[in-house]
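Student: I am new to this structure. Please take one part and look at it closely with me.

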Amino acid sequence: MSTPEELSDPLHESAPAVKNCLFQFFDLPSELRSKILSYLLCTDTRTIDLDPTNHRTSTARLNLFLVSKRFGYEAYHVFYAGHTFRIFQTHGRFLGKRTEPLIARLPTYYRHALTSLELRLGPGWSDPPKPWYVSDRLGLEDCSSVRTLRVFVEVDPSSPIFKGFRLNRHFFTDFSGALLQGVMERLPVLDTVEFDAYPSVDRDGALMTRLLEATKKAGMRIAWGSQREWGDSLADKLEKARLKARKAKDL
């Protein structure tokens, strides 16, 4: 039996009963809901393309669209805005002329949600894949939220090392320039083109020169990707090298 002192001690007071209740997700502020959905839906690989592994990496996430109409509406906006979608497929299994690019397969309302696209140049440099052409079927005019186009260059066949293997020195340069120009013309609110490349690609080579000229002519802002760090000044590069060396020394 409790003593009078124990009865007056708050540490001995019984805890109030907790009612069982469901957590109301939509009672959260929209910013928190979007953050939670981004953890659930956004993959480590932020660029999405036609790929045989999509059913393993994306299907479980896309099933969240089916929770409810309202949940699906918020989920698809987070998913499609949180990834970069590749305009033309690069996997060998999907390069047949009857295989439509991924963005051509998306419903219009999903294309409205996209914010970033990627144009990858290099695959098929001697014989570009048949689906690689700009037309109404891509639905680029529907991409009303895409302000950034990322261009990644894998190879520049105008380099002397490709002599004897290419059709001619200017073939892929002309093809790529026309492809980029066609994409830029159809994206209604595009304002930035970000360039990046593999180490073998020369920023001052014929291919990059052509792409940069087309971008400037279209009035787009030019940005640089993180892989090549073309936009860094010499001082920035030296500082990064110093920090990298220091980090290696600490290890």
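This is a predicted model: local features need pLDDT of at least 70, side-chain atom pairs count only at pLDDT 80 or more; totals for chains, interfaces and linings use all residues.

Tutor: Start with length. Helix 5 covers residues 69-81, which makes 13 residues. At 1.5 Å a residue, helix 5 should span 18 Å.

Now look at which side chains are hidden. Buried here means under 20% relative accessible area. In helix 5, the buried residues are Phe71, Gly72, Glu74, Ala75, Tyr76, Val78, Phe79 and Tyr80. An α-helix has 3.6 residues a turn, so residues three or four places apart point the same way. Keep that in mind as you trace the list along the helix.

What does the covering? Helix 2 (30-41) and strand 1 (47-48) are among the elements over these buried residues. So are helix 4 (59-62), strand 2 (84-86) and helix 7 (108-113).

Strand 1 leads on to another feature. Together with helix 3 (54-57), strand 1 gives two or more residues to the lining of the largest pocket. That pocket has a volume of about 220 Å³. Its lining includes Thr47, Ile48, Asn54 and Thr57. By class, the lining has one nonpolar, seven polar and four charged residues.

Step back to the whole chain. It has 10 helices and six strands. Buried residues make up 38% of its 251 residues. Among contacts with a separation of 6 or more, 79% join residues 24 or more positions apart. The chain exposes about 15500 Å², and carbon and sulfur atoms supply 54% of that area.

Methods: Residues are numbered from 1 along each chain as its sequence is written. Side-chain values use heavy atoms; hydrogens and water are left out. Helices (H or I, at least four residues) and strands (E, at least two) are DSSP runs, numbered from the N terminus. The expected span of a helix is 1.5 Å times one less than its number of residues. Buried means under 20% relative accessible area, exposed over 50%, partly exposed in between (1.4 Å probe, protein chains only). Contact means heavy atoms within 4.5 Å. Accessible areas come from the Shrake-Rupley method with a 1.4 Å probe; for residues, only the protein chains shown count as cover. On a 1 Å grid over the protein atoms alone, a cavity is a set of points where a 1.4 Å probe fits but cannot get out, and a pocket is an open set with protein on both sides within 12 Å along at least five of seven lines; lining residues have an atom within 4 Å of a point. Grid points are joined across faces, edges and corners, and a volume is the space filled by probe spheres set on the points. Ala, Val, Leu, Ile, Met, Phe, Trp, Tyr, Cys and Pro count as nonpolar, Asp, Glu, Lys and Arg as charged, and the others, Gly among them, as polar.
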